[in-house]
Amino acid sequence: MHMQSVNESSDSTISVIESLCLNLGVGELYLQVQVLPKAPFHILLGRPFHCLMSATTENFLDGKQLLTLRDPNTGKWYKISTHIWTDNCPRCKKLGRCKKHKSSSEPDEDF
């Protein structure tokens, strides 16, 4: 399978993991996962996942989101509170945003 990124680069998957059990903190979900070599992420939940799981998001001013999912196998609904991705970076916590994680729209200053 070929996957196209937002930056228009294209990668071929090297494998598929069928029925991978994933627990997002609300119960077990079984996913079909495409494996990419050297992906810049651990897991990317894309459009097929969002469509299949009837995903909706609520966005908040502090950058957090509430993700609502419906398991198509059980019909069960899940609500998952997300965290700001820079919360995992000690430098971002201390400085607001470190050089590695600041957006391209922010001034180019060294932290």
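Cys51 is partly exposed, with a relative accessible area of 48%, where partly exposed lies between buried, under 20%, and exposed, over 50% (1.4 Å probe, protein chains only). Cys21 is likewise partly exposed, at 36%, and a search of the whole structure finds zero disulfides, a disulfide being a pair of cysteine sulfur atoms within 2.5 Å.

This is a predicted model, in which local features need pLDDT of at least 70 and side-chain atom pairs count only at pLDDT 80 or more, while totals for chains, interfaces and linings use all residues. Residues are numbered from 1 along each chain as its sequence is written, and side-chain values use heavy atoms, leaving out hydrogens and water.

The largest nonpolar core has nine residues, namely Leu22, Leu29, Leu31, Phe49, Met53, Leu67, Leu69, Tyr78 and Ile80; such a core is a set of buried Ala, Val, Leu, Ile, Met, Phe, Trp, Tyr and Cys residues joined through side-chain atoms within 4.5 Å. At least two residues of this core come from each of strands E4 (28-35), E6 (65-70) and E7 (77-81), strands being DSSP runs of at least two residues, numbered from the N terminus. Beyond its neighbours within four places in sequence, Leu29 is in contact (heavy atoms within 4.5 Å) with residues including Cys21, Met53 and Tyr78.

Three strands form an open, antiparallel sheet in the order E5-E6-E7, where two strands pair if DSSP finds at least two bridges between them. Strand E5 (56-59) and E7 stand at the edges with a single partner strand each, so one side of each is left without a neighbour in the sheet. E6 and E7 pair over five bridges in the antiparallel sense, and Leu67 stands opposite Ile80 in E7.

Key: Helices (H or I, at least four residues) and strands (E, at least two) are DSSP runs, numbered from the N terminus.
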